[in-house]
Amino acid sequence: MRGVGSCASGASSCADADRPKVLITGGLGQLGVGLAKLLRRRFGENNVILSDIRKPPNHVYHHGPFIFSDVLDYTSLRETVVNNNVSWLVHYAAVLSAVGENNVALAKEVNITGLHNVLDIATEHGLRLFVPSTIGAFGPSSPRDPTPDLCVQRPRTIYGVSKVHAELMGEYYHHRYGLDFRCLRYPGIISADSEPGGGTTDYAVQIFHAAVKSGLFECNLRSDTQLPMMYIDDCLRATLEFLEAPAETLLNRTYNIHAMSFTPHGLAQEIQRVLPDLKVTYNVDAVRQAIADGWPMALEDTAARRDWGWKHEYDLAELVQAVLAHVTTGNQ
Ligand code: AKB
């Protein structure tokens, strides 16, 4: 059975009646604006509402609906869903790994209480709910290379604990109440024109800007720290394809997705093929390094490839070319 708001797969846009009305929480983080752009191309500009608790930059405000919405305010979030006839909710509001370790109370509030609010509202109103999980949902006792979908998950960060909680609660609501919960475990995401928000994998975005601006980069992880990473276009496309997948094809509700793995040294070498003058020094941040040392080195994602056809397009060389092209033109 096709869910509310699903379009024929392969079609580049959707008939009016099939268009979902999408609300994206935490929309001004690294991924929301890009996802809104992709979903608006597919479902129409006014069918995708970006929301956050901050004032958006002008270019965001002028390209489709933006509203204030705080995931901690249950009544107002519910009002937004009802008044806008929302049928899909993409829950991006979250405090990431490194920031969470510096403010555990805030991470608990946003990542756990916020999640409880969206779970209840999505269940009450029959929404399709997408919540991203992460490589951070694994920990030092998980198999690390590769990490399968199902294995020991004992993360040592509040971010990771809250994401395991999200996976389990979403799956529980799915089985208990029939909630159409969907969850992808994202690797570190590399974007050119949106800033990551305080994560352990942020170095892999910052290095590109430093390489183009000054040619000098101080990396806060050890040079041999291997982590799974993905180019933002692959991540957003995965999210759209997964959201559109017919429910009966989803044998799981939480899937790993993988594209590539690299170390700071490997990434620097690939950038140096284009910008040979780039100099990288290492000044390890103990908190971030301890987090990264307990995370997967690669994710095993055969279930996503089998069930809903996940396929990445960008490996390391393509990623470096794409990001450098964006960063270079953005700096001109
Ligand atoms: C982080 O580093 O916290 C995030 C993530 C991998 O979930 N980018």
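Select Asn85 to begin: with 10 C-beta neighbours inside 10 Å, this residue counts as exposed. The model on display is predicted: local features need pLDDT of at least 70, side-chain atom pairs count only at pLDDT 80 or more, and totals for chains, interfaces and linings use all residues. Residues are numbered from 1 along each chain as its sequence is written.

**The backbone at Asn85**

Asn85 lies in the loop between α3 (74-83) and β4 (88-91). Helices (H or I, at least four residues) and strands (E, at least two) are DSSP runs, numbered from the N terminus. Most residues other than glycine have a negative phi, and most peptide bonds are trans. Asn85 is not a glycine, yet its phi is positive, about 55°.

**Leu96**

Is Leu96 buried or exposed? Leu96 is buried, for 22 other C-beta atoms lie within 10 Å. Leaving aside residues up to four places away in sequence, Leu96 touches Tyr159, Gly197, Gly198 and Gly199; two residues are in contact if their C-beta atoms, placed from the backbone, lie within 7 Å.

**Helix α6**

Now select residues 158-177, which form helix α6. This helix has 20 residues and reaches 27 Å from its first C-alpha to its last, close to the 28 Å expected at 1.5 Å a residue; the expected span is 1.5 Å times one less than the number of residues. The buried residues of α6 are Ile158, Tyr159, Gly160, Val161, Ser162, Lys163, Ala166, Gly170 and His174. They pack against α4 (97-102), α5 (104-124), β5 (128-130), β6 (133-134) and β7 (180-186).

In the loop between β6 and α6, select Pro146. A cis peptide bond joins Asp145 to Pro146, with omega about 0°.

**Two helix pairs**

Two packed helices are described by the angle between their axes and the distance between the axes. Display α5 with α6: they pack at an angle of about 15°, with their axes 10 Å apart. Axes are lines fitted to C-alpha atoms, for helices over the stretch in contact, and angles run from 0 to 180 degrees between N-to-C directions. The angle makes α5 roughly parallel to α6; angles under 35 degrees count as roughly parallel, over 145 as roughly antiparallel, 65 to 115 as roughly perpendicular and the rest as oblique. Among the residues making the contact are Val104, Ala107 and Leu115 of α5, and Ile158, Ala166 and Tyr173 of α6.

Then select α1 (residues 32-43) and α8 (residues 232-244), which pack at an angle of about 50° with their axes 10 Å apart. Helix α1 is therefore oblique to α8. The contact is made by Gly34, Leu35, Leu38, Leu39 and Arg42 of α1, together with Ile232, Leu236, Thr239 and Leu240 of α8.

**The whole chain**

Finally, display the entire protein chain, whose secondary structure comes to 12 helices and 13 strands. Along its principal axes, the C-alpha trace spans about 55 × 45 × 40 Å. Of the 332 residues, 47% count as buried.

Technical notes. A residue is buried if 20 or more other C-beta atoms lie within 10 Å of its own, exposed if 12 or fewer, and partly exposed in between; C-beta atoms are placed from the backbone.
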